[in-house]
Amino acid sequence: MPPPVYELLPSAEEDKISEHSSRRTHNNRVKKVLFHVLAVAAVMFVVFQGLRSFVRSSSKFLHAPPCHGRNLSSLPSHFTLPSGAQIPSVALGVWKASPGEVGPAVETALKSGYRHIDGAWIYGNEAEVGAAIKKSGIPRDELWLTSKLWNTFHAPEDIEPALDESLAHLDTEYLDLYLVHWPIAFKRGTSNELDVELTANPYPTWAKLEELVDKGKIRNIGISNIKNLTANPLKHKPAVNQVELNYWNPQPELLQWSKENGLLLEAYSPLGSSDQVKETLRVPEVLAIAKELGITPAQVLISWHVQRGTIVLPKSVTPSRVVENLKVVALPDDLFKKLEEAATSHKPKRILNPSKGWKLDFDVFDENLPF
């Protein structure tokens with residue numbers, strides 16, 4: 001018979017040791033599992049935060065204009081007039097906008113954020129502008145409308161009827177700004193027969209405009225293509241002077257004089273005439289700045305105007321350009337100085353001078369008219 005098989009049974013002490021070892025092994029396993037869980041959670045949290053940061057930064061990059069490493073700040077959206085009124089710094093100019101083109105241009109402008117439309121009676125398109133404004137549904141008090149008194153209406157008795165015609169076409173009860181278009185008065189019913197008396201002394205014209213401010217039909221009055229209005233004491237001083245300002249005719253002396261005398265300038269033809277725009281947008285300094293900042297040449301020039309402290313009136317009927325022209329940024333100081341020096345280092349060239357067309361025997365831009 002084979003010998004019995006005996007199992008080696010643990011003693012009580014050995015049983016305790018075995019139980020303790022088992023618990024320690026179990027605890028170590030739990031700790032390892034917890035450690036791995038926490039490690040995975042930490043990695044997932046870091047990855048999530050990184051992805052969220054990436055998405056945010058990508059979104060900002062996609063929706064913000066590229067600046068190629070330069071910190072671009074925004075320019076003032078409005079300037080303050082002597083009346084306390086806030087005038088938008090960029091407007092849509094509607095000069096030479098053909099019938100059928102100006103309405104869609106105004107609609108595009110208003111949809112893209114413009115709130116300032118610069119027009120004039122002589123442009124012949126105020127009714128179409130008014131219809132586009134009405135179609136937009138934008139409340140009147142959110143808009144800034146400018147028009148201008150034409151040369152044939154300088155006689156005090158002719159001013160209010162001319163204003164009323166513009167108001168009717170624009171479908172509004174008042175203008176935010178009304179300008180004396182040129183420092184030249186023509187006799188009523190003529191195309192260019194000079195009224196010497198009213199040209200030499202514009203005070204009666206201005207006094208009537210002051211009455212219309214007090215009457216509420218005009219909020220602010222100003223001048224255009226004039227340096228100084230009159231030596232007479234004025235109840236309402238000119239709010240702005242609208243003049244030709246662009247790379248080819250920057251007029252730094254006039255700009256300085258205007259700042260010293262509290263007269264805000266508005267820049268018409270800010271990119272040059274229609275014949276000069278292509279040349280303006282190819283100026284080497286303009287192209288270099290546009291490339292460095294990642295903006296368009298037109299945006300460089302419009303930004304430069306606003307940064308000089310002037311209201312700018314770019315004109316376009318092309319939807320993409322209308323939208324583009326409103327997006328301005330402050331140029332870094334070194335680039336602003338570079339463009340200012342380039343613009344003021346060449347001989348100035350005025351684009352628009354109607355003197356010959358009006359068959360005048362003097363230049364309307366002479367410092368002292370021959371009267």
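## A buried arginine

Is Arg-308 buried or exposed? Arg-308 counts as buried, at 2% relative accessibility. The model is predicted.

Arg-308 pairs with Glu-340 in a salt bridge, with 3.0 Å between the closest N and O atoms.

## Other salt bridges

The count of salt bridges comes to twelve. One of them joins Asp-118 and Lys-148, at 2.9 Å from N to O. Asp-118 belongs to strand S4 (residues 116–118) and Lys-148 to strand S5 (residues 144–149), so the bridge ties together parts 30 residues apart in sequence. Asp-118 is buried at 3% relative accessibility. Lys-148 is buried at 1%.

Glu-160 and Lys-217 form another salt bridge, with closest N and O atoms 2.7 Å apart. Glu-160 lies in helix H4 (residues 156–170), and Lys-217 in the loop between helix H6 (203–215) and strand S7 (221–224). Glu-160 is buried at 15% relative accessibility, and Lys-217 at 17%. Shared partners join Glu-160, Asp-164, Lys-215 and Lys-217 into one salt-bridge network.

## Packing of H9 on H12

Helix H9 (residues 284–293) packs with helix H12 (residues 333–344) at about 165°, with axes 10 Å apart. An angle over 145 degrees counts as roughly antiparallel, so H9 and H12 are roughly antiparallel. The crossing is left-handed.

H9 contributes Glu-285, Val-286, Ala-288, Ile-289, Glu-292 and Leu-293; H12 contributes Leu-335, Lys-338, Leu-339 and Ala-342. Seven of these contact residues are nonpolar, three are charged and none is polar.

Terms used:
Residues are numbered from 1 along each chain as its sequence is written. This is a predicted model: local features need pLDDT of at least 70, side-chain atom pairs count only at pLDDT 80 or more; totals for chains, interfaces and linings use all residues. Side-chain values use heavy atoms; hydrogens and water are left out. Axes are lines fitted to C-alpha atoms, for helices over the stretch in contact, and angles run from 0 to 180 degrees between N-to-C directions. Helices (H or I, at least four residues) and strands (E, at least two) are DSSP runs, numbered from the N terminus. Angles under 35 degrees count as roughly parallel, over 145 as roughly antiparallel, 65 to 115 as roughly perpendicular and the rest as oblique. A crossing is left-handed if the near helix is turned anticlockwise from the far one by less than a right angle, and right-handed if clockwise. Contact means heavy atoms within 4.5 Å. Ala, Val, Leu, Ile, Met, Phe, Trp, Tyr, Cys and Pro count as nonpolar, Asp, Glu, Lys and Arg as charged, and the others, Gly among them, as polar. A salt bridge is a side-chain nitrogen of Lys or Arg within 4 Å of a carboxyl oxygen of Asp or Glu. Buried means under 20% relative accessible area, exposed over 50%, partly exposed in between (1.4 Å probe, protein chains only).
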